[in-house]
Amino acid sequence: MSERRNVLITGASRGIGAAAARLFAQKGWGVGIGCHTARDRAQELAQQLRQLGVPVQVYPCDVARQEEVQAMTAAFLRDFGTLDVLVCNAGIARQELFTDITQASWREMLGVNLDGVFYCCQAALPGMIHRKQGKIITLSSMWGQVGGSCEVAYSAAKAGVIGLTKALAQEVGPSGITVNCVAPGVIETEMNSQLSPQTKAELAEETPLQRLGTPEDVAQTIWFLASPAGDFFTGQVLAPNGGWVI
């Protein structure tokens, strides 16, 4: 029997992260669920996934704080032994006029969405480099590719994730490590729950496939990159967006 592989997914208590955690567990992987505010939900998810017969642990962590990321990664390695795939999924979103963005709001957006990716990658890489293998999958957004009105801070942070991904892939490729990015379109998650039914209908109509995406759509893209099918991909941006951005 082959050795079990292990994945650490940040922001995995709900939405895309939870869907990815379920999929990896169904594939027989050990799963680390990173979470910040929704700790009860993370524990409930962990209990469900353990019924599949795989090890699952919850790691409370604010990815915008480097010391917490380092502690999370160290705890994961103690529990699982190896970190095969890191999925940097934790993120926040906020719509506001550019002229209304405060310094605190700007820093929070970049702190979670961009600094958090930097901290997580930097914590995970030493072990991967030592083993000469590993995969990092970051989460951006189609707004990181093309920009979104009233989402300047979010778009800037997510564009930064794409740049970080491409540059890091070049740097660690010789060590046998791949770094790729998933940039979803409009997905039916709690992050978009503030949108009215009419707005969601309009967004679906603007999407060539005539529907919004699901967390499972994105999880399948993440799984593809983590699986052997994704072994020759690095520095790439895969965009499950229903054809909105091409």
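Predicted model: local features only at pLDDT ≥ 70, side-chain atom pairs only at ≥ 80, totals over all residues.

Residues are numbered from 1 along each chain as its sequence is written, and side-chain values use heavy atoms, with hydrogens and water left out.

**The sheet**

Begin by displaying the strands. Helices (H or I, at least four residues) and strands (E, at least two) are DSSP runs, numbered from the N terminus. Two strands pair if DSSP finds at least two bridges between them. In what order do the 7 strands of the open sheet lie? The order is β3-β2-β1-β4-β5-β6-β7, with parallel pairing. β3 and β7 are the edge strands, each pairing on one side only.

Select residues 6-9, which form strand β1; β1 pairs with β4 in the parallel sense over 3 bridges. Valine 7 stands opposite valine 85 in β4.

Next, select β2 (residues 30-35) and β3 (residues 56-60), a parallel pair with 5 bridges. Here cysteine 35 faces proline 60 in β3.

Now centre on valine 31 in strand β2. Its relative accessible area is 0%, so valine 31 is buried. Buried means under 20% relative accessible area, exposed over 50%, and partly exposed in between (1.4 Å probe, protein chains only). Leucine 8 is 23 residues from valine 31 in sequence, yet their C-alpha atoms are 6.0 Å apart. Not counting residues up to four places away in sequence, valine 31 touches several residues, among them Val7, Ala21, Phe24 and Phe80; contact means heavy atoms within 4.5 Å.

**Strand β6**

Select residues 177-182, strand β6. Because 6 of its 6 residues are buried, β6 is largely enclosed by the rest of the structure. In a regular strand the side chains alternate between the two faces of the sheet. Ile177, Val179 and Cys181 point one way from β6, and Thr178, Asn180 and Val182 the other way.

Show the neighbouring strands as well. β5 (residues 134-139) runs parallel to β6, joined by 6 bridges, and threonine 138 has cysteine 181 as its bridge partner. β7 (residues 237-238) pairs with β6 in the parallel sense over 2 bridges, where cysteine 181 is partnered by valine 237.

**The largest nonpolar core**

A nonpolar core is a set of buried Ala, Val, Leu, Ile, Met, Phe, Trp, Tyr and Cys residues joined through side-chain atoms within 4.5 Å. Select Val69, Leu86, Met128 and Ile136, which touch the most other members among the 38 residues of the largest core. Which helix supplies the largest share of this core? That share, 12 residues, comes from α4.

**The cysteines**

Finally, select the cysteines. A disulfide is a pair of cysteine sulfur atoms within 2.5 Å, and the structure holds 0 disulfides. For cysteine 120, the nearest cysteine sulfur, that of cysteine 88, is 4.8 Å away. Cysteine 120 counts as buried because its relative accessibility is 3%. For cysteine 121, the nearest cysteine sulfur is also that of cysteine 88, at 4.2 Å.
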